[in-house]
Amino acid sequence: MNKTSVAVVLALVGSLCGCATTGYQHASETSSAISGARTLTVKIQQSIDAAVTNLQSLTSQAEINLRQPYERLSVAVDTLDGQVANLTDQAQVIKARGKAYTKDWQQELGSYQNSAIRVRSAERLNQVTADFQTIDQQFDVAGQSLRPLLASLKDVRLYLKTDLTSAGVASIQEQLGNVTNQASSAQQALQSLLAELDQVGHKLSPVTQVVEQPSPSTEQPTPSTQEATPSTEQPSPGK
């Protein structure tokens, strides 16, 4: 994390500790940070897809001008580099907000007069703490997949910067295949991170989405057959 990012996180922690923030406000702020991390994670997935697509274009038999896919690859690598750094910062922000939230929650446990409610609150605190720990672990797993992928992409870009020829591309064919496999592993890790962010973010949000049910129809069903009208005609007496 760069110095500016460290300062931002420290300032955030200080503001959280120095202000009288309610529990649900802590939860809402953390949920907002999780939403931002989710958006960034999706963008990282898109950048990885762009990098892999242009790697494949470099090895395509139909590709004549190697400069175009190389330049697009270079842009995707630069974009991914910045996004991965931002994701690390986002993880630290979520961790800081989560700690502030659970710390205040822990301090409030002794204020309950009703022991049953106090026990229930402690149980919920343990659940929320476990959720934050799981998110932190998912961030670590994603980072462990992204860092080697980014390093490999940078190496490929540097190599082709000097030898952007068909022979040069062919000489690192095996390395390009390894990058594609690394990209697949990173996408899986990011998908798991997304699932956890969605789950915990929904739990922490004070806004509940209500699914509207369709109102019952007031129209009367149309009978499929016409009911026979009873005949009023009297039978004639027999002769």
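Predicted model: local features only at pLDDT ≥ 70, side-chain atom pairs only at ≥ 80, totals over all residues.
Let me open with helix 3, residues 67–108, where Y101 and W105 sit four residues apart and are therefore separated by about one helical turn.

Y101 and W105 form an aromatic pair, with 5.5 Å from centre to centre and 40° between the planes, and the arrangement is classed as tilted. Y101 counts as buried, at 11% relative accessibility. W105 is buried as well, with a relative accessible area of 14%.

F132 is buried, its relative accessible area being 12%. Through these ring pairs, Y101, W105 and F132 are linked into a cluster. The count of aromatic pairs comes to two.

I turn now to the two helices themselves. Helix 3 and helix 4 pack at an angle of about 160°, and their axes are 9 Å apart. That angle makes helix 3 roughly antiparallel to helix 4, and the crossing of the two is left-handed. The residues of their contact divide into 20 nonpolar, six polar and eight charged.

K95 lies in helix 3 and D136 in helix 4, 41 residues apart. Both residues count as partly exposed, K95 at 35% relative accessibility and D136 at 24%.

How many salt bridges are there in the model? The count comes to six, and I shall describe two others.

K203 forms a salt bridge with D131, the closest N and O atoms being 3.4 Å apart. K203 lies in helix 6 and D131 in helix 4, so this pair ties together parts that are 72 residues apart in sequence. K203 counts as partly exposed at 44% relative accessibility, whereas D131 counts as buried at 15%.

Finally, D198 forms a salt bridge with R38, with 2.5 Å between the closest N and O atoms. D198 is in helix 6, residues 173–204, and R38 is in helix 2, residues 23–58, so the bridge ties together parts 160 residues apart in sequence. D198 is partly exposed at 34% relative accessibility, and R38 is partly exposed with a relative accessible area of 34%.

Note on methods: Residues numbered from 1 in each chain as written. Heavy atoms only, no water. Phe/Tyr/Trp six-rings, centres within 6.5 Å; stacked < 30°, edge-to-face > 60°. Buried < 20%, exposed > 50% of the residue type's maximum accessible area, 1.4 Å probe, protein only. Axes fitted to C-alpha atoms, helices over the stretch in contact; angles between N-to-C directions. Parallel < 35°, antiparallel > 145°, perpendicular 65-115°, else oblique. Left-handed = near helix turned anticlockwise from the far one by under 90°. Nonpolar A, V, L, I, M, F, W, Y, C, P; charged D, E, K, R; others polar. Salt bridge = Lys/Arg side-chain N within 4 Å of Asp/Glu carboxyl O.
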